[in-house]
Amino acid sequence: MNERRNRASWLVLAVTGGPLLLSVSSRCFVDAFSIASSVSSRSSAHIGDSSSVRFLFADECSLNTFDAEECIATAGYVRDPTEASSVDNVLVAEIETLRDKFTSFENVDAHVKTTNMIKYCRRREGKRLLASDTIAPSVNSRIANIEYNHLIEDRELVLVDTVRVPGMDKSSRAFHRAGPRKLLHFDPSLVNAAIVTCGGLCPGLNNVIRELVHSLHNLYGAQNVWGITGGYHGFHNPEYAPVLLTNEMVENIHHEGGTILRTSRGGFEIDAIVSFLRSKSISQLYIIGGDGTHRGAYKIHEACMEAGLNIAVAGIPKTIDNDIDYIDRSFGFVSAVEAAQASIRSAKTEAMCTVPNAVGIIKLMGRSAGYLATFAALGSGDVDLVLVPEVPIVLDGPGGVLPFLRQRVKEQKFAVVVVAEGAGEELLEATNVVDRGGNRLLPPIGEYMRDRIKEYFVEHGEEATMKYIDPSYTVRSVPANGADSLYCMELAQNAVHGAMAGYTGFSVGLVNNNVVYLPIPQLVASSPRQMSPCGTTWERVLAMTGQPNTTPYVRSEEQPIPL
Ligand SMILES: Nc1ncnc2c1ncn2[C@@H]1O[C@H](COP(=O)(O)OP(=O)(O)O)[C@@H](O)[C@H]1O
Ligand SMILES: O=P(O)(O)OC[C@H]1O[C@](O)(COP(=O)(O)O)[C@@H](O)[C@@H]1O
């Protein structure tokens, strides 16, 4: 675990030319390719010619254009006088494609794809194919007779670095925008797909499985969809046999937490996995898991390439720790935050209603990142002290959390503390014991803080009533809420679109509110990520709680403000 790959490769799309002004609003994403093209065309004697930059509005399906001069003249815009927002270089994270190595199912466009699905339905129903089976209403209402209005071009990009700070490098990284492509690499009717879930539970796993099955069967008419059970073990351990997944089997699973496929840590045996893929003629493998799982997924992709296997390997990032880099959030995170807030409310009620000097402590998951603890605390608005792995815990003395807490109890008659499981390693003896996934076991910081706070009150001749709540597994086993359900659906559909188009060694995620394809090497190189202890999120915590700022980092004037 935590083996860092550093194969990140960003392709420089456009380097030359004068600076280009970007007006980035939260509602829109800039079509970076058209921008980049306009940058390069400026460099060849057309500098300044083009005042029209295309904007795509995320919530509309039409392509909007606007005239920059008209905006200035009529809509109250001004050009950024300092050009602080300009982007000269767009660095594209390229995704590997099977098209480079294998012959594609030729020139299947959206039209033929529909035809193909109809053929598939007919075959499945034992009917003879007719010459008229080109464009006809679907014979199975479940098979979407869809011709996408909006097919995504290969060069549509989503910029990563949309916040522009004066003095920063005039570059932005970019990912390929996800979505249905015009050309398919695979003949969908011949696709045997497999889905596996690995690592810890997370709300939304069943939603992703369901939507993968639906997309494969209903959007593309895939031949078989296998469910690998028990995580990576299921590829080779006869105790966890694979199952064929049908629409009927997944119909209601999204209402439940957990994963119908079950999950595990360990069991990653590359030769056994590849030989399973061969034996079932799998051509698309969907792997749902966190950064460890993705490291495994990339090894599978590499092994398939070495063995000359035409198999698309797609990851879907899962973790309630929200520690996968680049993406706005991982699916299930918001549901987990919501569930954690319910525990915070209970702890507050207990603490408020109990004498003397009640302190409610809620321990939340978060191995190396405190996002869950932080977001749950911020969202609840009911927390007096937040402890996370990114910020060291100072117990005593000026700036110590114990005197701070005692004072808060004095004023308020109670206090509520949220502690992430990975916090305070510097206080407790770190262990070298690892779980089956290679993750280091963490010392019990929640119980330690409970006992230490109680002792501190006793040392000052007072009694504290401790209410300790550890909702860890409760939080991650809940069903996905509305926002996560929608997100899971978007991720799964786009993973299938990407694999059908022949992308491989990639993952999907929301970046600046757009679903993109992320090359796995880039994704794992900086995952697990951590919250910045001098960024705006942590400063919101300090502002809300008034707790002492124990971050050892000092922001230098030259440094860009971390987000
Ligand atoms: N570097 C790696 N190479 C191959 N497999 C890995 C690697 N790291 C973890 N795995 C496997 O991925 C699965 C999940 O990993 P783990 O780190 O426990 O959870 P997560 O993927 O949620 O971070 C486990 O089966 C583990 O054995
Ligand atoms: O007890 P388990 O099942 O091994 O899981 C505990 C870990 O799972 C997590 O939720 C993260 O799981 P992943 O690494 O699978 O994303 C951590 O917060 C926690 O340390």
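The shell around ligand 1 comprises 4 nonpolar, 14 polar and 5 charged residues, where Ala, Val, Leu, Ile, Met, Phe, Trp, Tyr, Cys and Pro count as nonpolar, Asp, Glu, Lys and Arg as charged, and the others, Gly among them, as polar. The model is predicted, so that local features need pLDDT of at least 70 and side-chain atom pairs count only at pLDDT 80 or more, while totals for chains, interfaces and linings use all residues. Residues are numbered from 1 along each chain as its sequence is written, and chains are lettered from A and ligands numbered from 1 in the order in which they are written.

Ligand 1 is surrounded by 23 residues, the closest being Gly199, Gly290, Gly292, Gly296 and Gly437; a residue is near a molecule if its C-beta atom, placed from the backbone, lies within 6 Å of it. The largest contribution to this shell, 6 residues, comes from helix α7 (residues 291-306); helices are DSSP runs of H or I with at least four residues, and strands runs of E with at least two, numbered from the N terminus. Because domain 2 (188-330 + 480-525) and domain 3 (333-477 + 532-545) both give residues to the shell, ligand 1 lies between them. The domain bounds come from an automatic or database domain assignment.

The shell around ligand 2 includes Gly199, Gly290, Asp321, Arg367 and Arg476. By class, this shell holds 2 nonpolar, 5 polar and 5 charged residues. Domain 2 and domain 3 each supply at least three residues to the shell around ligand 2.
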